[in-house]
Amino acid sequence: MNYLSAELISKSFNDNWLFKDLSLGISQGEKLAFVGNNGVGKSTLLKILTGELAPDAGTVVIREGIRLGYLTQQPAVDENLQVKDILFSEDNDVARAVKEYEDCIHHPDVAPERMQAALERMEELSAWDYDSKVQEVTGKLGIPDMDKKFKELSGGQKKRIFLAQLLLNEPDLIIMDEPTNHLDLSAIEWLENFLAGQQITLIMVTHDRYFLDAVATEIIELDRRQLFRYKGNYAYYLEKKSEREEILKAEVSKARNLLKKELDWMRRQPKARGTKAKYRIEAFYELKEKASQDLKKDRLELDIKEARQGGKILEVNHLSKAYAGKSMVDNFSYVFKKHDRIGVVGSNGIGKSTFLNLITQRLKPDSGEVLPGVTTKFGYFTQDSMNLNPANRVIEEVKDIAEFITLSDGSQVSASKFLDNFLFPPEKQYTYVEKLSGGEKKRLQLLKMLVTNPNFLILDEPTNDFDIDTLNVLEEFLEKFTGCLLLVSHDRYFMDHLVDQLFVFEGDGRIRFFNGNYTDYRDWVDEQETRKSVQISEKLGAKELQPSSKKVSFKEKQEYEQLQAEIDLLEKQKRELETKINSGIDDHIKLVELGQQLQTTMELIEQKTTRWLALAELVE
């Protein structure tokens with residue numbers, strides 16, 4: 001069944017065609033992924049498909065009755081709405097019932113009559129399955145306190161709320177623009193499995209190569225104002241794209257050779273040509289258009305001279321930092337060595353950015369010390385663009401640092417030439433920073449950092465807003481970089497190719513040192529979980545072999561069943577408290593209070609679980 005059809009779509013900006021006469025369709029169960037360089041029109045095409053933007057020519061038809069869900073990079077909503085008002089649709093009876101039930105659960109002081117009415121409505125609409133999905137989606141995506149107002153949330157939290165809203169609405173056709181931005185690694189892996197494992201119809205734009213490989217059934221490349229479709233995943237696309245480009249080069253080369261002969265024939269012909277030659281004249285102009293194709297692609301060039309690095313790089317001794325009683329870093333020590341390539345992983349809000357700010361001495365620790373070497377020169381790439389002056393022109397941002405930049409071979413280039421290498425041509429260099437796109441601002445940030453010739457690079461989520469080609473160039477540069485590298489990234493492909501050690505943030509300030517890349521770590525975690533399951537099974541099996549001398553009483557059976565329900569409820573309360581604590585609350589007193597509640601809840605879970613296990617031996 002065809003869900004969406006687009007015929008001969010065209011769009012131009014400032015008299016330049018972004019794309020022309022594009023046609024595509026998507027049928028039930030297909031998962032299409034758009035790829036292409038920044039600026040080719042991927043996000044614009046998505047907006048046209050959703051009806052947010054009108055094409056200059058062509059039509060988009062969505063099959064009658066098909067519900068469309070769209071996740072944009074910059075969603076808009078009333079800033080005063082609460083999270084629960086955004087998540088639950090008012091025109092859906094089940095969603096309204098779940099919203100009321102969740103509201104009662106989150107407020108223990110609610111009237112018993114209201115709670116009873118909410119439970120009866122849930123039963124009446126058979127809404128428990130939907131509530132279970134709400135718990136899964138909000139839990140996995142780290143949705144903050146549902147009573148919080150939208151304006152109080154960070155950019156990342158807002159994006160996750162709209163993603164949760166989209167998934168809970170269960171549309172027939174999902175359209176997503178960079179869905180993995182602002183998600184931590186565990187959330188990305190969950191979303192990947194969610195989208196790949198269900199009969200979901202999907203169109204997306206993403207630069208996450210593992211995500212593309214796992215989810216997409218077809219890759220669509222937007223290049224030179226045309227669409228090129230590849231049935232298969234990202235690995236298959238890379239292979240076939242290379243073949244296509246080689247064929248294109250051969251065809252253009254052949255057309256240019258033939259054009260010389262045809263051009264000579266055209267010049268020899270008299271002005272009044274016979275009708276027999278018309279087909280050849282028409283063919284000449286077609287040949288001329290093919291031969292005129294520019295096969296050259298602008299490519300980012302990263303080349304800098306690294307500052308000399310001495311014997312001592314950086315020492316971190318017994319470093320600790322906490323906010324409102326919540327530990328971010330607890331008694332951490334490490335001596336950085338030459339050529340260290342370390343990835344930093346952990347959930348959002350667990351302390352990764354705090355850690356980076358501590359070791360770069362932007363933040364003062366509660367205890368411990370940070371001792372950089374005399375020759376250590378940090379290059380710190382952050383998630384925001386605060387170090388850019390919106391009132392400056394692009395070239396002024398660079399000239400404020402240096403008029404000439406030294407490259408790796410010792411030669412020097414002007415600021416203008418260096419900008420050109422970073423895909424800022426002369427006409428773009430006099431654009432004001434505030435008028436740059438998100439990708440262009442990121443590229444300018446990267447340039448400003450590299451101009452200082454660092455020998456210790458700290459990159460905090462460098463992959464957001466970069467296209468795949470730019471990421472490949474950045475990877476090549478970092479692979480050759482001989483200094484130290486400390487990398488925070490939700491892009492698993494990027495992480496796997498660049499790091500060989502990890503700092504794993506496990507919560508409560510604990511940082512585990514792991515020798516290997518991210519995939520190695522995930523394999524290790526899976527192995528540990530499997531081993532733990534086997535041990536539990538063996539222990540339970542051994543207990544089953546031992547005959548019980550004591551008969552279970554009716555009262556113990558009742559207690560056993562009641563404990564199961566109590567533990568489930570406590571686990572739910574624990575998740576809610578953890579979500580609140582990680583939501584970025586500024587009220588320190590409130591944070592301390594939540595921390596104490598969490599500690600009490602965890603102790604109760606442990607006590608009741610111990611009793612439940614003891615009873616389980618008798619009952620089962």
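Visitor: Which residues of H14 are buried?

Guide: This is a predicted model, in which local features need pLDDT of at least 70 and side-chain atom pairs count only at pLDDT 80 or more, while totals for chains, interfaces and linings use all residues. Residues are numbered from 1 along each chain as its sequence is written, and side-chain values use heavy atoms, with hydrogens and water left out. The buried residues of H14 are Gly439, Glu440, Lys442, Arg443, Leu444, Gln445, Leu446, Leu447, Lys448, Met449, Leu450 and Val451, where buried means under 20% relative accessible area, exposed means over 50%, and partly exposed lies in between (1.4 Å probe, protein chains only).

Visitor: How do you know whether the span of H14 agrees with its number of residues?

Guide: The expected span is 1.5 Å times one less than the number of residues; for the 14 residues of H14 (438–451) that gives 20 Å, and the end C-alpha atoms are 20 Å apart, so the two agree. Just after H14, asparagine 453 takes a positive phi of about 55°.

Visitor: What makes H6 mostly covered?

Guide: Of the 15 residues of H6, 12 are buried, and they include Lys158, Lys159 and Arg160 as well as Ile161, Phe162 and Leu163. The buried residues of H6 pack against strand E5 (68–71), helix H2 (83–87), helix H5 (128–141), strand E6 (173–177) and helix H7 (185–196). The 15 residues of H6 should span 21 Å and the end C-alpha atoms are 22 Å apart, which agrees; just after H6, glutamate 170 takes a positive phi of about 50°.

Visitor: Which residues touch the most other members of the largest nonpolar core?

Guide: Among the 54 residues of that core, they are Leu87, Leu141, Leu167, Met176, Leu195 and Met204. A nonpolar core is a set of buried Ala, Val, Leu, Ile, Met, Phe, Trp, Tyr and Cys residues joined through side-chain atoms within 4.5 Å. Helix H6 (residues 155–169) gives the most to this core, with 7 residues. Methionine 176, leaving out residues up to four places away in sequence, touches among others Leu46, Leu71, Leu163, Leu167, Leu195 and Met204.

Visitor: Why does glutamate 79 count as partly exposed?

Guide: Its relative accessibility is 34%, and therefore glutamate 79 counts as partly exposed. Glutamate 79 lies in the loop between E5 and H2 and, residues up to four places away in sequence not being counted, touches Lys149, Phe150, Lys151 and Lys158. Glutamate 79 and lysine 149 are 70 residues apart in sequence and 7.0 Å apart in space, C-alpha to C-alpha.

Visitor: What is the angle at which H3 and H5 pack?

Guide: H3 and H5 pack at about 65°, with their axes 10 Å apart, the axes being lines fitted to C-alpha atoms, for helices over the stretch in contact, and the angles running from 0 to 180 degrees between N-to-C directions. The contact is made by Val94, Ala95, Val98, Tyr101 and Glu102 of H3 and Trp128, Tyr130, Asp131, Val134 and Gln135 of H5.

Visitor: At what angle do the axes of H3 and H4 cross?

Guide: The axes of H3 (residues 93–106) and H4 (residues 112–124) cross at roughly 145° and come within 9 Å.

How values were computed
Helix = DSSP H or I, 4+ residues; strand = E, 2+ residues; numbered from the N terminus. Contact = heavy atoms within 4.5 Å.
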